Amino acid sequence: MGGGKGGSDFAPRGKSDAEIMRFCQAFMCELYKVIGPDMDVPAGDIGVGGREIGYLFGMYKKLTSQFHGATLTGKGLEWGGSILRPEATGFGALYFVNHMLKTHGLDIKGKTVAISGFGNVAWGAAKKATELGAKVITISGPDGYILDEAGLDAEKIEYMLELRASGNDICAPYADEFPGSKFFAGKKPWEAKADIYLPCATQNELNGNDADAILANKPLCVAEVSNMGCTAEAVNKFIAANQLFAPGKAVNAGGVATSGLEMTQNSMRISWTGEEVDQKLHQIMAGIHEQCVKYGKEGNYINYVKGANVAGFMKVAHAMMAQGIV
């Protein structure tokens with residue numbers, strides 16, 4: 001689970017529900033041969049939410065004549081999905097960030113947070129950051145970014161869902177909906193001054209120049225919530241500056257972890273409450289953070305990139321050694 005990425009070059013923007021459904025069904029006509037609960041388990045990502053998972057799963061059932069709920073995750077609650085799965089990546093990331101700050105004697109309450117994106121991951125991150133007492137001041141899209149110095153509240157976070165559901169892939173309408181916020185066309189949120197920076201949109205969205213801009217603002221921490229949100233150059237700059245920074249392979253593990261919790265519920269034929277899922281997710285993220293600290297300590301500095309890499313390697317290496325040289 002979570003070991004690879006794949007997809008298609010089908011662009012959903014401007015497509016009807018029927019067109020998206022037909023594509024998902026055609027895609028599954030080949031995909032079903034190489035997936036299964038004990039083989040490979042696809043989940044949603046960019047452009048793939050509950051609607052698409054539903055179309056894929058429906059065709060999977062038709063082709064295999066079996067339910068196998070644990071074959072795809074991110075399913076709807078009515079047919080095997082887990083409570084909190086849509087929020088899980090963002091929630092888990094903020095739990096990890098909170099542990100990072102606490103380890104360094106810092107409190108997330110009252111801190112400003114710059115987030116990129118306005119999709120599923122950014123929505124979950126904004127929601128949990130606000131619940132923890134932080135103030136989220138930015139979101140972004142391909143068209144630019146929004147600066148809302150008043151901070152996102154429940155109504156504004158809910159509006160992020162409307163932006164995503166529109167299918168237009170732009171965030172500019174936010175400024176029209178909420179007077180007092182500002183839209184900066186063609187710009188990135190990394191130029192805004194904040195205490196915490198969280199790339200939540202897509203791969204390589206934060207480059208070396210962006211890292212320089214962030215470092216100039218002397219933030220408390222930077223954490224990748226999107227998959228490989230920072231370029232290698234940006235990561236190296238953060239580490240060279242001893243900036244508190246954590247990579248996506250640790251920070252955004254909450255999504256795939258909750259996919260695992262969804263599979264567990266499917267296999268056990270039960271449904272946990274939101275509180276139960278949230279508690280297990282928090283426990284998982286705390287354990288991941290602990291491993292990063294264990295292997296990443298370099299004097300007074302914790303190199304979370306090193307810690308995450310070494311922890312991942314050690315887990316695989318120990319399993320291989322225990323099973324013999326085969």
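Q: In which helix is the place of N266?
A: This is a predicted model, and in it N266 belongs to helix α10, which spans residues 253-268.

Q: Is N266 buried or exposed?
A: N266 counts as buried, because its relative accessibility is 12% and the limit for that class is under 20%.

Q: What separates the C-alpha atoms of N266 and A319?
A: A distance of 26 Å separates the two C-alpha atoms. Along the chain, N266 and A319 are 53 residues apart.

Q: How many bridges pair β6 with β7, and in which sense?
A: Two bridges pair them, in the parallel sense. Within this pairing, A223 stands opposite A246 of β7.

Q: Now β2. Why is it described as largely enclosed by the rest of the structure?
A: Strand β2 covers residues 135-141, and five of its seven residues are buried, so the strand is largely enclosed by the rest of the structure.

Q: How is β1 joined to β2?
A: β1 (residues 112-115) runs parallel to β2, with three bridges between them. T112 has K135 in β2 as its bridge partner.

Q: What about β3, is its pairing with β2 parallel or antiparallel?
A: β3 (residues 144-147) pairs with β2 in the antiparallel sense, over four bridges. In this pairing, T138 is opposite L147 of β3. The two strands form a hairpin, with two residues between them.

Q: On to the aromatic residues. How many aromatic pairs does the count come to?
A: The count comes to 10 aromatic pairs. One of them is F23 with F27, a stacked pair with 5.8 Å from centre to centre and 25 degrees between the planes.

Q: Where do F23 and F27 lie?
A: Both are in helix α1 (residues 17-31), four residues apart, which is about one turn of the helix. F23 counts as partly exposed at 25% relative accessibility, and F27 is also partly exposed, with a relative accessible area of 30%.

Q: Which other pair is stacked, at 5.3 Å centre to centre?
A: That is the pair of F238 and F245, with 25 degrees between the planes. Both of these residues are buried.

Q: Back to F23 and F27: which residue do ring pairs link with them into a cluster?
A: F10 does; ring pairs link F10, F23 and F27.

Q: Next, the backbone. What is the phi of K218?
A: Phi of K218 is near 50 degrees, a positive value in a residue other than glycine. Most residues other than glycine have a negative phi.

Q: Where is K218 found?
A: K218 is in the loop between α7 (208-216) and β6 (221-223). K218 counts as exposed, at 71% relative accessibility.

Q: And what is the phi of N242?
A: N242 has a positive phi of about 55 degrees, although N242 is not a glycine. The residue is found in the loop between α8 (232-240) and β7 (245-246). N242 is exposed, with a relative accessible area of 51%.

Q: Last topic: what volume does the second largest pocket have?
A: Its volume is about 500 Å³.

Q: How many residues line the second largest pocket, and which lie nearest its centre?
A: The lining holds 16 residues, of which I288, A308, A311, G312 and K315 lie nearest the centre. By class, the lining divides into 10 nonpolar, four polar and two charged residues.

Q: Which helices each supply at least two residues of that lining?
A: α9 (248-251), α11 (274-296) and α12 (304-322) each do. The largest share, eight residues, comes from α12.

How values were computed:
Residues numbered from 1 in each chain as written. Predicted model: local features only at pLDDT ≥ 70, side-chain atom pairs only at ≥ 80, totals over all residues. Heavy atoms only, no water. 1 Å grid on protein atoms, 1.4 Å probe; cavity = no way out; pocket = protein on both sides within 12 Å on 5 of 7 lines; lining within 4 Å. Points joined across faces, edges and corners; volume = space filled by probe spheres on them. Nonpolar A, V, L, I, M, F, W, Y, C, P; charged D, E, K, R; others polar. Buried < 20%, exposed > 50% of the residue type's maximum accessible area, 1.4 Å probe, protein only. Pairing = 2+ DSSP bridges. Phe/Tyr/Trp six-rings, centres within 6.5 Å; stacked < 30°, edge-to-face > 60°.
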